[in-house]
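Q: Before we look at the model, I would like to go through it feature by feature. Please give the general idea each time, then the case at hand.

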Amino acid sequence: MPRSPSRDLADRYSGNRAYFHRLDGSQRAKAWLALLALGAVLCWALFELASPARTAPMHSHGELASVHAAWEQDCNACHVAHGLDGSVFAARDRWHDLTCQKCHSGPAHHASIAAEGQAFHDRCSNCHHDHGGRNSSLVRITDDHCTRCHQDVAAHTSALAPVQCERSVTDFVQNHPEFKPLTGEVQRTLKFSHALHMTPGIKTNASAAPFTLEALAKLTDSATTARYRQPDQVMTDAVRLDCASCHQLDAGSAASAGTSLPSGRSRGDYYLPVIFDTNCKACHPLRAPEVVLNTELRAGFALPHGQQPAELQKFLLGEFSRQLLTAGQKTPEAPVRLDGRGEAESLAFRQAIDKRTRDTMMRLFEVSDHSGVSRGEACTKCHDLSGNSRDFATLRIAPVPPRAVWFTKARFDHTVHRASTCATCHPGTAAAFTAPGKLLVEKEPPQIAGIDTCRACHSPAGTSVALADGTTIRGGGVRHQCTDCHAYHNGDHPREGRAAPARLPAKPLDLKSFLRGTNP
Amino acid sequence: MLFGRGKTPAHRVTRLAVWTTTIAGAGIILAFLGSLARFWHWPPQSSSAFGVACGLLGAGIILFEMALLPRKWCRGWRLGATRLWMKLHVWLGLLALPVVLLHTGFHFGGPLPAFTLVLFLLVMASGLWGLAVQQWLPQKLHANVDTEAIASQISTLGQFHALEAGRLFDSLFSTDGIATEAARTWQPFRENIYTPYIQMGRRSHSPLAVHANAKREFDRLRESFPDEAATIDRLEAIRDQRRQWDVQLRLTFWLHNWLWVHLPLAVAMTGLMFIHAIRALKYW
């Protein structure tokens, strides 16, 4: 008997019940993918727990600079380990708790820095930011690190200490003051005119006889004469100096041997100091005047440079004694006779020496008997004197300060600027006596152009920069950050470099400890 | 969940885009103004007090977002209206975007924080995509599918309809229990084309999936059985319903497939967020 359709409807449904409890294909895919993701994360978490050092770079926000690359996977090398103690909001402080001074010493900027600045200074990472990539610099930092204090120096200087620099500097182009050595009166103790020496023939008027190479050759040897001879010159030509005749970069070459590092090691930032023996002596030899001994004309002997008058006097006494002795005069050191008959000879000997010495000293220092003002032929041609001009024991040559570095609180690299002419930055050093009417200035001001000449290149591209001659020029866009010229640490001793004792680490590490970044 | 009261999908999707941009922009601008008032640095530093606060707020939001999952598992616990949960899920999710961006300081950071951030952005993007399709596809479903069924049961319903269609074909092909010549002709159509299509829909690769083919076949069937118009109309109606279910399945697939991305990535991102937070706050 066929089943009634109404029975189907009346029967209790026994088919696909509770289907809503079962996941369909889409839901299963979603659930499996979610479980897969959860499993992957749990695996990673286990790996983190098992090997925190190996996973540390995954959390680092950037590669370390190349100088610190050895400790890329070792947070302990630099960071002080910390737990969850303290506020979570102080996480930045904890991460910036570093141990830089294991390897570096960071002497203070200035002793006069205020307490707040000192606290800022004590945290190295306030200025030196690592994790910026292999090629990042830890010392080339943005200006705001410096202007934080230098926008108001007085507020950041200890109340007891005087403010030694411009009170507010925020930008090299906008408000950096003129370089200090160029602002005040420079006490020159050396007479030297670039304008004269750069004039061919080294003469102050056109009618004067030029100083020729032939004349030079009589004063010095052939090799030195050749050094000052230009390729297109013959011996009868006037001596024609250029900047390189006296100024040479510290290139570690033979020419600078003894004054620079071995060949190939010199950075060449600065010019070697101009020293008498190397750069002046060829044209200005120091010799004692000729003397007549026993009717024989004796040539003057060479005098040492760098001696004070009293020292030179002793040298002359010795040299003249030697000359007299070699000329046959009786020695005063002969045994003393008890009858006193040798005293006259001894006295004559001493008088002869003293006379020659005094004459020579007078001539060297050319002291007027009345005024005591030096007119100068030899020493006083270039040097200032002080003391009693009639008493050689008290006479002093004014010391010549070292001028190889004028800007002691900044660094400058002459080598990278050598594409421009010297006169670009050193105006007034060109030949000046080629036409009449020029006044000889023996004590020149510093022949260094001011800050505006620097700004012509070192300013944002397109900036209008006013030059000293009244013209304006568009800025070259070359970098002009504080750290491009200035260093920070050990600022009270600006002439000291990175090798200064104040910068040495307290306790150097052996190789293994160094690579571990930890003390043994 | 419909976003706003716009009547057209375009209006609602536009509204969603505007709100997303507005919340993100407003959050960042407010933080920038705070930096001008010297409350914090700009750009924010992740490990500063403000950065950590943003990180903790972002983590809290993310944990709440993830709480939607246990909320679904425990429907019987009466943990608040689903609609409210979804509203909070969406609005707090939108708020999380500027909060997390401020926490990052607009930097990716290290590999793991960067990966976590990328996952977060992908979760945000997939969530926004999901919300956008929900503004559009349900309306399209309502318009195109008259006989909407429970999507997961469509294959079961197809089996029921195949049984009904089998009975209809039996009655069509036999007259007093004797198979006619026409029935023998149309038997392959029943077995190879019609029944597979009713059971499996488009996956059967039946020509009936194409409306023109179906119409042509049913016209021919009517010519073969001119007296059985009512039965054939019912067979055609069953086929048309199956076609609508195919459309429904396709729309449902797009309505929910974003969750294949959204949920797994959210799970991974939450896990990595914990690892990142622990390593960042506790260095050992």
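A: Start with handedness. A crossing is left-handed if the near helix is turned anticlockwise from the far one by less than a right angle, and right-handed if clockwise. In this predicted model, the crossing of helix 1 and helix 5 of chain B is right-handed.

Q: At what angle do helix 1 and helix 5 of chain B pack, and how far apart are their axes?
A: The angle is about 165°, and the axes are 9 Å apart. Angles over 145 degrees count as roughly antiparallel, and helix 1 and helix 5 of chain B are therefore roughly antiparallel to each other.

Q: Which residues make the contact?
A: Helix 1 of chain B contributes B:Pro9, B:Arg12, B:Val13, B:Leu16 and B:Thr20. From helix 5 of chain B come B:Leu128, B:Leu131, B:Ala132, B:Gln135, B:Trp136 and B:Gln139.

Q: Which residues of the largest nonpolar core touch the most other members?
A: In soluble globular proteins, nonpolar side chains tend to be buried together. Here the largest nonpolar core has 26 residues, and B:Ile62, B:Leu97, B:Phe120, B:Met269 and B:Leu272 touch the most other members. Two or more residues each come from helix 2 (25–50) of chain A and, in chain B, from helix 2 (49–66), helix 4 (82–104), helix 5 (111–144) and helix 10 (258–281). Helix 10 of chain B gives the largest share, eight residues. Apart from this core lies another, of 21 residues, including A:Leu303 and A:Ile353.

Q: What does B:Leu97 touch, leaving out residues up to four places away in sequence?
A: Its contacts are B:Thr20, B:Ala24, B:Phe120, B:Leu121 and B:Met124.

Q: Where does the backbone of chain B hold a cis peptide bond?
A: Most residues other than glycine have a negative phi, and most peptide bonds are trans. The cis bond joins B:Trp42 and B:Pro43, with omega about -5°. B:Pro43 is found in the loop between helix 1 and helix 2 of chain B.

Q: Is B:His205, which has a positive phi, buried or exposed?
A: B:His205 is exposed, with a relative accessible area of 71%. Its phi is about 60°, and B:His205 lies in the loop between helix 7 (181–200) and helix 8 (211–224) of chain B. B:Phe106 also has a positive phi, near 65°, but is partly exposed at 38%.

Q: What mean pLDDT does chain B have?
A: Where pLDDT is low, the predicted coordinates should not be read in detail. The mean for chain B is 91, and 98% of its residues reach 70 or more. The model scores ipTM 0.90 and pTM 0.70.

Key:
Residues are numbered from 1 along each chain as its sequence is written. Chains are lettered from A and ligands numbered from 1 in the order in which they are written. This is a predicted model: local features need pLDDT of at least 70, side-chain atom pairs count only at pLDDT 80 or more; totals for chains, interfaces and linings use all residues. Side-chain values use heavy atoms; hydrogens and water are left out. A nonpolar core is a set of buried Ala, Val, Leu, Ile, Met, Phe, Trp, Tyr and Cys residues joined through side-chain atoms within 4.5 Å. Buried means under 20% relative accessible area, exposed over 50%, partly exposed in between (1.4 Å probe, protein chains only). Helices (H or I, at least four residues) and strands (E, at least two) are DSSP runs, numbered from the N terminus. Contact means heavy atoms within 4.5 Å. pLDDT is the predictor's confidence in each residue, from 0 to 100. Axes are lines fitted to C-alpha atoms, for helices over the stretch in contact, and angles run from 0 to 180 degrees between N-to-C directions. Angles under 35 degrees count as roughly parallel, over 145 as roughly antiparallel, 65 to 115 as roughly perpendicular and the rest as oblique.
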